[in-house]
Amino acid sequence: MEPSLQIALDNYAYGIREVIPQYITGKLKDREALEDEFALILRARDQIESALEHWRVREPHAAKLVDELDRVFLLSCDPLVKIAPVLSFFREGKQIPRSRWWYYLDLITRVQIEEFVLPSGAWDETMVLPERIIVRQFALAKE
């Protein structure tokens, strides 16, 4: 694995497994630091996305780890949004596709079990996220 991608994967894993839980549980409280940490998590996830299809073939253990981390990230979204309500800041002025769901955590809400959904405008027009992220169904609320 390319060193920069290994660093991105390590950063993503650390952010999801260590940083976010510490903020959610109140062990860490500095809001400015949380924004910095969250920016690092988003950047790492962006870097990972570009390599993910390649990893499915050549680095299946890495792809599986990303899938697991994505599940934990999505399951953390409700408490995370409560402690970091400015998540929309990271997509302001940018054309971020809805397929990069990690930028839309503040708009995702739990709907039902087994798939994730990001409506493209109306609740009846949905885009199903990749099958690899199957935990619960989420819907992207209108802004």
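Here are legends for a few close-up views of this structure, which is a predicted model.

Local features are taken where pLDDT is at least 70, side-chain atom pairs count only at pLDDT 80 or more, and totals for chains, interfaces and linings use all residues. Residues are numbered from 1 along each chain as its sequence is written, and side-chain values use heavy atoms, with hydrogens and water left out.

**View 1. Helix H2 crosses helix H3.** Two packed helices are described by the angle between their axes and the distance between the axes. Here H2 (residues 31–58) and H3 (residues 60–75) have axes that come within 9 Å and cross at roughly 140°. That angle makes H2 oblique to H3. Helices are DSSP runs of H or I with at least four residues, strands are runs of E with at least two, and both are numbered from the N terminus. Axes are lines fitted to C-alpha atoms, for helices over the stretch in contact, with angles running from 0 to 180 degrees between N-to-C directions. Under 35 degrees counts as roughly parallel, over 145 as roughly antiparallel, 65 to 115 as roughly perpendicular, and the rest as oblique.

**View 2. The residues where H2 meets H3.** From H2 come Phe38, Ile41, Arg45, Ile48, Leu52, Trp55, Arg56, Val57 and Arg58. H3 brings Pro60, Ala62, Ala63, Val66, Asp67, Asp70 and Phe73 to the contact (heavy atoms within 4.5 Å). Sort these residues by type and you get 11 nonpolar, no polar and five charged. For that sorting, Ala, Val, Leu, Ile, Met, Phe, Trp, Tyr, Cys and Pro are nonpolar, Asp, Glu, Lys and Arg are charged, and the others, Gly among them, are polar.

View 3. Side chains of opposite charge can pair when their charged atoms come close. The structure holds four salt bridges (a side-chain nitrogen of Lys or Arg within 4 Å of a carboxyl oxygen of Asp or Glu). Arg45 is buried at 0% relative accessibility, while Glu49, at 23%, is partly exposed. Buried means under 20% relative accessible area, exposed over 50%, and partly exposed in between (1.4 Å probe, protein chains only). Arg45 and Glu49 also join Asp70 in a network of salt bridges.

**View 4. Arg100 reaches Asp46.** The closest N and O atoms of this salt bridge are 3.0 Å apart. Arg100 lies in the loop between helix H4 (77–83) and strand S1 (108–113), whereas Asp46 is in H2, 54 residues apart from it. With 24% relative accessibility, Arg100 is partly exposed.

**View 5. Asp106, with Arg91 and Cys77.** The side chains of Asp106 and Arg91 form a salt bridge at 2.8 Å, N to O. Both belong to the loop between H4 and S1, 15 residues apart. Asp106 is partly exposed at 23%, but Arg91 is buried at 8%. Cys77, in helix H4, is buried at 1%. Its C-alpha is 7.4 Å from that of Asp106, although 29 residues separate Cys77 and Asp106 in sequence.

View 6. Ile16 and Phe73 are 57 residues apart in sequence, with 6.1 Å from C-alpha to C-alpha.
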